[in-house]
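Let's walk through the aromatic rings of this model and then the nonpolar packing around them. Have the viewer ready.

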Amino acid sequence: MDQITAQHHYLFNGHRELLTPDEAAAWRNLQVERMILLCEYPAVKELLHTRWLTSDPAVLKLLEQGSHVFLSNTLTRLNGQTCTCQKCDTLCRTSRAQQCPECDHSWFE
C-alpha cells in the first residue's frame, strides 16, 4: 500500500464534503486496509474485513489501478475546490473557512 501523507489526511478528512460517495468509500477502504495490516488479532482483522470493506464495483474500480493513482486523481480534483489563504496561500481547514490556520489572516464578509 502506498504511503498516505499528512496532506492526504488533511484533504480527505478536512474536506470530506467535497468527496463523492464513491471516493469517500474508497478512502474508507484504504484506511480499513491499513488498520487490517497493523492489527495483531485475527478476529479483529476478520471483523474489519467483513464489516468495513466495501465490495461495491464503483469503489473497487476507483482503487483498481492502486491507491497512489486514486489518491493523486482525487487530490488533483480537490485542489481546485479547496480554500487557501489570500495572504500566505496556506490550505485552510475546510472549504468554507474564512481564517488562515497559519497566519491568522481573516476574510470575513
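Phe-12, Trp-27 and Phe-70 are joined into a cluster by ring pairs. A pair here means Phe, Tyr or Trp rings (for Trp, the six-membered one) with centres within 6.5 Å; planes under 30 degrees apart are stacked, over 60 edge-to-face, and the rest tilted. This is a predicted model, where local features need pLDDT of at least 70 and side-chain atom pairs count only at pLDDT 80 or more, while totals for chains, interfaces and linings use all residues. Residues are numbered from 1 along each chain as its sequence is written, and side-chain values use heavy atoms, with hydrogens and water left out.

By that rule there are two aromatic pairs. Phe-12 and Trp-27 are stacked, at 4.4 Å centre to centre and 10 degrees between the planes. Phe-12 sits in helix α1 (residues 6-14) and Trp-27 in helix α2 (residues 21-38), so this pair ties together parts 15 residues apart in sequence. Helices are DSSP runs of H or I, at least four residues, numbered from the N terminus.

Phe-12 and Phe-70 have ring centres 6.0 Å apart and planes at 45 degrees, so they count as tilted. This pair links Phe-12 in α1 to Phe-70 in helix α5 (residues 67-79), 58 residues apart.

Now zoom out. The largest nonpolar core has 16 residues, and Phe-12, Leu-30, Leu-63, Phe-70 and Leu-71 touch the most other members. Such a core is a set of buried Ala, Val, Leu, Ile, Met, Phe, Trp, Tyr and Cys residues joined through side-chain atoms within 4.5 Å. Helix α2 gives the most to this core, with five residues.

Methods. Helix = DSSP H or I, 4+ residues; strand = E, 2+ residues; numbered from the N terminus. Buried < 20%, exposed > 50% of the residue type's maximum accessible area, 1.4 Å probe, protein only.
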